[in-house]
Amino acid sequence: DAEMSRYKNNQLKDKPTNISYFIDTYKLAVEIQPDEKKDAFVSIFDRQKGTMTMLQEEKGKKTAMVMKMPKITVKNKNNETPEDVKFTKTGRTKIIDGHTCYEYIGETEKQKTTFWAAPDLKYNLAESMLIMQSQNKQQNETPNFGQVDGMPLEVVIEQLDKKERIEIKYKNLKIGSVNKAKFSTDGYEITDMTQFGGMFGK
């Protein structure tokens, strides 16, 4: 699970967003709970098939839409290739949920990213995150997560020019057990859109 908080001028902008990740060999299910009173949004990414499935339940009706994941060259708002970010291991450590985490900092002119990563957790969460990020044609600088050893349990992304930051804290980790039901579309009315290309372009 992850809790994501957004800040502007050091003030919390709105309630934290709760996100749950379920990871299998080739699949990643992302469940976003924007509000306790609303149903969660669920997306299933399948790297092997190259598809993204969006699940929705409203008034008892379950629907699913399957789309291709397009291959997109990620660029920022100025249509420029993002600046390559190099991370430096600072030597600082702290304990998070019983794991010894090491601090990594990567900076560009406009952005600073801080990771607290646990090297004893070998799963490359960043690789799965990049699956989702590739859906977005317009991004700011995208860090090279591959330079960080282990799984980040805390992430802080600061937009220096806008005085904004995002804090993400991962918790309730369960290694080795996979809830197969989180990848199931049983009971859903499925619309297959894969023949029309990706949702955000071909």
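Contact here means heavy atoms within 4.5 Å. The model is predicted, so that local features need pLDDT of at least 70 and side-chain atom pairs count only at pLDDT 80 or more, while totals for chains, interfaces and linings use all residues. Residues are numbered from 1 along each chain as its sequence is written, and side-chain values use heavy atoms, with hydrogens and water left out.

**Exercise 1.** Determine which residues Thr 185 touches, not counting residues up to four places away in sequence.

*Solution.* Begin with the location: Thr 185 is placed in the loop between S12 and strand S13 (189-192), where strands (E, at least two residues) are DSSP runs numbered from the N terminus. Beyond the excluded neighbours, Thr 185 touches Thr 53, Leu 55 and Ile 190. Thr 185 counts as partly exposed because its relative accessibility is 25%, the classes being buried under 20% relative accessible area, exposed over 50% and partly exposed in between (1.4 Å probe, protein chains only).

**Exercise 2.** Classify the aromatic pair formed by Tyr 21 and Tyr 170.

*Solution.* Rings of Phe, Tyr and Trp (its six-membered ring) pair if their centres lie within 6.5 Å, and planes under 30 degrees apart count as stacked, over 60 as edge-to-face and the rest as tilted. The structure holds 2 aromatic pairs. In the pair of Tyr 21 and Tyr 170, the centres are 6.1 Å apart with 45 degrees between the planes, and the pair is tilted. Tyr 21 lies in strand S3 and Tyr 170 in strand S12, 149 residues apart. Tyr 21 counts as buried at 16% relative accessibility, and Tyr 170 counts as buried at 6%.

How values were computed:
Helix = DSSP H or I, 4+ residues; strand = E, 2+ residues; numbered from the N terminus.
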